[in-house]
Amino acid sequence: MWTKNPKTIVVIGNGMVGHRFVEKLIEFDQHRQYRIVTFCEEPRAAYDRVGLTSFFAHRDAEKLMLARIDWYRQHGIALHIGDRAAAIDRRKRLVTSDRGARVSYDYVVLATGSYPFVPPIEGIHKPGVFVYRTIEDLEKIADYAKTAQRCAVIGGGLLGLEAAKAAYDLGLETHVIEFAPRLMPRQIDDAGSQLLVQKIESLGVHVHLNKATKCVVGSPAVERMVFADGDELAVDMIIVSTGIRPRDELARACQLEVGERGGVVVDDRLRTSDENIFAIGEVAAHAGKIYGLVAPGYEMAEIVAANLCGEDRRFAGTDLATKLKLMGVDVASFGRPDAEGPDIQPVIFHDPVGGVYKKLLFASEGKRLIGGILVGDASAFPQLSALADSDAPLAASPAELLGVGSNASPVGAESLDADAVICSCNHVTKRALGAAIESQELTSVKAVQECTRAGTSCGGCLPLVADVLRSALADSGQAVPDHLCEHFAYSRRELFEIAKVHEIRTFDELLESHGSGDGCEVCKPVVASILASLWNECIVDPKHQTLQDTNDRFLANIQRGGLYSVIPRVPGGELTPDKLLALGQVAKRYNLYTKITGGQRIALFGAARHQLPSIWEELIEAGFESGHAYGKAVRTVKSCVGSTWCRYGVQDSVGFAIRIEERYRGIRAPHKIKMAVSGCIRECAEAQSKDVGLIATEQGYNLYVGGNGGARPRHADLLAADLDEETAIRYIDRFLMYYIFTADKLMRTATWLEQLEGGIDYLRSVILEDRLGICEELERRMQHLVDTYQCEWKRVVENPQLRAEFAQFVNTDATEPDVELVYKRGQCRPANDPGSGLVSLEVDAATIDGAEATGESDVSEGEAHDWVSVGAVSDFPRNGGAAVKCGALQVAVYHFASRGEWYACQNVCPHRGAKVLSRGIVGTERGEPKVACPLHKKTYSLRTGKGLSDPSCGVQVFPVRVEGDEVFVRVPTELETSDRLANCGRHAGV
C-alpha cells in the first residue's frame, strides 16, 4: 500500500520509454510515495516497437507486449488504454482525456514519443499509402499486401530499411527510394552505403538513390510514382518512412517551451519550463537535440524516476550507437562516426569480396576511439561501442581493434574500464554488472539479464555480458564448469567434436581416451546419442545397447508399472484404412489401450517388454516401421490436409510433411525434435510451436525454427521465407545438424536458440549465409544419416540374438504379469500406483553395510540362503543388467564388465514398486557402483543397497559368484522372506 497522502504522477504515453519510466519508478519508490496514472492512446498497452518487424513472422501482438495487464494491476497502476490525454491545465494541475477522465497531478511525465513525418507530396494520401509505426499500421500493410505486387518504400534510413524488409518478406517486389546519395545517411558514410546497397540488391530489392518523389498518381489508389527528374515507377503500394516529428502538441497547448525544430525543451534533469512536468524520449529536446532511439529514452526514464525518489542524476546526452541487421546485413555505428578534425585519424578495412566494411575513428595518436561504422560484420560492436564511450586510453592498437593483421585479437571485458557502458539500451555499466554478479551470486547470463536488464532489449551486448560474467566468476574463483559429469571433464559440445575429429565409435574408446572411471546414467546416454548422430550405427547393437536409457534400449516408451507403449510411424498423419485395421487387430490381440496422440499417430499402451518383438513383427508385416517416439530423435511431422483437400490450402502440406518425415526419421539429437507443415497461414498444423515448422505461402514455404509446446511454450522464429521445397530441406539439414553439433545435453531447440549468442540473426548468418563455412559439412553429415537409416524394430524382429534381449527373464521362458490392470471406458489401464516398495526386512544396518556383493557374506543373519544358478555369463549384457526368476522372487543381476565385477539386487524399485531395476543403467558415483531406476532415475548402491539420490529408501542386495561360465546368486530360501521380496508393493494394487 501507499504511504499516507501519496503524490500522483501522471504518465502521458505508454510506449517503450513511458513504460520504462513506470518500471523504474516502481523499483526506486521503496516507500510507495507515488500513485501512478498512465494514459495510453493506442488500443493496447506498451509493446516492443524495436521488434515491430517480427510481427509479420507471427502476427501475434501479445508476443510484443512489455507487460501483461495483470502487472499494472499488481502494482496499483491506473492504466487508461485507448484514451488520449487531451489537455494539461498547469494552473489547476489537472489532466483531462478524450473520454472525460480528469486526474489531478503532482507531477506529469510527458512520454508522448513521435509521429511519422509524411512529406507534402501530391497524392501521398491515396489508398495504398501507409506509414510504418504501430501494430495497427503493420496489420493494414499485411492486409493490403495480399492483393499488391510492387511496393516502394520512401526513405532509406533505419526504419525505411526495416519497412523494406517487411515488404520483401510479404512477397512484394520491393523498391527503396532515398533522397540522399546514400542509404542510412545519418549513420554510415558513402563507402559503407555502397556495400550495403550491393548486399540489399543481391537479394532482389531495388535501391534508388538521389530520388525525390514529385507526386503519387492513381485513381483512386496508388498506381505509380513520378520523380523530380522525370522518371516514373509503377507501384501499387507505398510505405512512407521519412523520419519522425515529436508529439509536442500537448506541450504547445499548455504553453510549455518547445524547441525551434519541435520537441519539449528540457534541462539536464529532464524538467520542462514547468518544474512539475518532465519530458523523456522522442518528445524531449535536450541541448537542442532530439534522440530518436530507445536507449537514450530509457536513460532519461531512469534519471527522472531516480530524481523523483531523492537522487540527483543528470542527463549529459549520449551517442546514437546503433546495431541492426538490415535486409540480412549487419550494420552498426557508434560514438561520433562523422567526427572530423586535425586530430581525428580514420582506420579503414574494406573487403568488397567478403562484403565487409569497417571504419574506426581514433584520436590522441590512436589512444582514443572516437566512433566507427561497421557493415557486413558487426560482431565487435558491443566492445567497440563501450570503448568509444570510455575515457580510458586504449590498451590495443587500431589494427587489433579493427580485427585485421597478424596481431588481430578480439576485445574482451578485461580491456574495458569499470565505468564502460556494456548495455547501451539499458545503460548498464561494467561496474554495475560486476556488483550484481557478486552481490546476487549470479552464475548465468540469463540470471544477469533478469537482475540487471543488460541484454534484454536489442541483445547486441550479450557476448560482452557473458564475457563480464566469465571474468567476474574467474576472479572470485566461482567459474562454473560445463563438464558432462564426473567421468568426462568436457561439455557435450566438446565431446561431440572429439568423437567427430578422432572418429571415435564406441563409449569404451571415448572413456579410455578422454574420460575416467566407469561412466554413469548421465554420460552414457549422451555419448550414445553423439555416436548415433555421427555414425548412425544401430543403437541396439551389443556395443551400444546398455548405454541407452530404457526407452532406447527396448525401443519403446516405458510407462507406469514398467509397461511400454507402441507407436508406429504415420508419416504426415496419413493412414490407409488397411493400416488402421491392422492397428486395431494388434490392440485387440494384446489387450492394449488405444489413443490418438498429439502428433497425429495412434499409440498402443500396456505392452510388456517380452511382447514387444511379437507386436512389432505384426506391425512391420502390415507396412509400419518404428516411429521413434521413444527416442531423443526426430519424431513426428504433423500436417493439415493442405491443397489436397482444403479449399484454403496453397501447397501440398501432406506430401511435403511425408517427404520431410521420411528424410529425417530416427535421427538422434540432444533432445526430441517435432515438426509440422501447414498448408496456409491459417496454421492448422501448429507449425510455429514446433522445433521445425513450415507454413505454406503462394510462393513456397516460410521456415520457422526453435518453437516449443509443453510446460514452457515458445513461439518459433522465422528463419527464411518463401522457400521452394529443395531450399527448405537444405536449410533444415543445416539447422538440425548445427543444433546437433552445438546444443547441450537434453536441450530442446527452443532453449538452445534462446541461449545462442546473437539469437535468430546469428543463426540466419550461419545457416543461410554460411558465416562459419561449415554448411557443406552440415549437409554432408545429414545426408550420411539419411542414407544409413534403418528401421530399428525391423532389425530386432529379424535378429534372434537381439530379439532374445526382450525376454522377461534370462533363466526361464516363463512370464508373469508385473502390473495389475483395471478397466475404464472399455479399455485397460494400470491400477493406481502402489506407492513405496521399500523392503522392510529386519536386517541390521551394519550387516547390510558389510555385505559384499561379489563376496560370500550373508545378506542377513539368522536366515537360510542358497546359491542359485541363474544362467551363463553370456546370458547377461556387458555393463548392464537382466532379470532372473528365483521361485517367487525377481532378482536383477548386473555384469559390471568394465570393473570385472558382478552385483545383484531386488528387481523391484522401492520408489513406486515397479519391477524394473534390471533395465537401469549401471555406473559409478565417486567410485561407488550404482544402478539408476529407469522410471524416475533414482540411484542405488549395488554394494550396500543404500539409496544414493534418496537416502530414505534402499534395495536388498545379494552376493554373486561366477564359476566357469555359470553365474550364481545367493538368495533367501525362507518362503516368507522370498514372498515379501517378490511382492513388495503388490499389496497396494500391483
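Is R665 buried, partly exposed or exposed? I looked it up in this predicted model: R665 has 22% relative accessibility, so I put it down as partly exposed.

**Entry: the partner of R665**

I found the side chain of R665 in a salt bridge with that of E625, at 2.9 Å from N to O. R665 sits in the loop between α22 (653-664) and β34 (673-678), and E625 in the loop between α20 and β33 (634-639), so the pair ties together parts that are 40 residues apart in sequence. E625 has a relative accessible area of 17%, under the 20% cut-off, so I noted E625 as buried.

**Entry: other charged pairs**

Side chains of opposite charge can pair when their charged atoms come close. I counted 63 salt bridges here.

One of them joins D231 to K211, with the closest N and O atoms 2.5 Å apart. This pair links distant parts of the chain: D231 is in the loop between β14 (224-227) and β15 (232-234), and K211 is in the loop between β12 (206-208) and β13 (213-217), 20 residues apart. I have D231 as partly exposed at 38% relative accessibility, and K211 as buried at 12%.

Next I checked K358 and D377, whose side chains meet in a salt bridge at 3.5 Å, N to O. K358 belongs to strand β25 (residues 356-363) and D377 to the loop between β26 (368-375) and α9, so parts 19 residues apart in sequence are tied together by the pair. K358 counts as buried at 12% relative accessibility, while D377 is partly exposed at 22%.

I also noted a network of salt bridges linking K24, E27, E302, E311 and R313.

**Entry: helix α19**

I listed A582, L583, V586 and A587 as buried in α19. They cover an arc of only 135° around the axis, which puts them on the same side of the helix. On the other side of α19, I have P577, D578, L581, K588 and R589 as exposed. The buried residues pack against β31 (593-596), β32 (602-607) and α20 (612-621). After α19 comes N591, with a positive phi near 55°.

**Entry: the sheet beside α19**

I traced an open sheet of 4 strands in the order β29-β30-β32-β31, with antiparallel pairing. β29 (557-558) and β31 stand at the edges with a single partner strand each, so one side of each has no neighbour in the sheet. α19 packs on this sheet, touching β31 and β32, and its direction makes about 15° with that of β32.

β30 (residues 564-566) pairs with β32 over 3 bridges, and Y564 stands opposite A607 in β32. β31 pairs with β32 over 4 bridges, with T594 opposite L604. In the hairpin of β31 and β32, I saw 5 residues between the strands and a positive phi near 65° at Q600. α20 lies across β30 and β32, at about 5° to β30.

**Entry: helix α25**

How many of the 9 residues of α25 (residues 759-767) are buried? I got 7, so this helix is largely enclosed by the rest of the structure. Its cover includes β36 (701-705), β37 (717-723), α23 (725-742), α24 (749-755) and α26 (775-787).

Conventions: Residues are numbered from 1 along each chain as its sequence is written. This is a predicted model: local features need pLDDT of at least 70, side-chain atom pairs count only at pLDDT 80 or more; totals for chains, interfaces and linings use all residues. Side-chain values use heavy atoms; hydrogens and water are left out. Buried means under 20% relative accessible area, exposed over 50%, partly exposed in between (1.4 Å probe, protein chains only). Helices (H or I, at least four residues) and strands (E, at least two) are DSSP runs, numbered from the N terminus. The arc is that of the directions from the helix axis to the C-beta atoms. Contact means heavy atoms within 4.5 Å. Two strands pair if DSSP finds at least two bridges between them. Axes are lines fitted to C-alpha atoms, for helices over the stretch in contact, and angles run from 0 to 180 degrees between N-to-C directions. A salt bridge is a side-chain nitrogen of Lys or Arg within 4 Å of a carboxyl oxygen of Asp or Glu.
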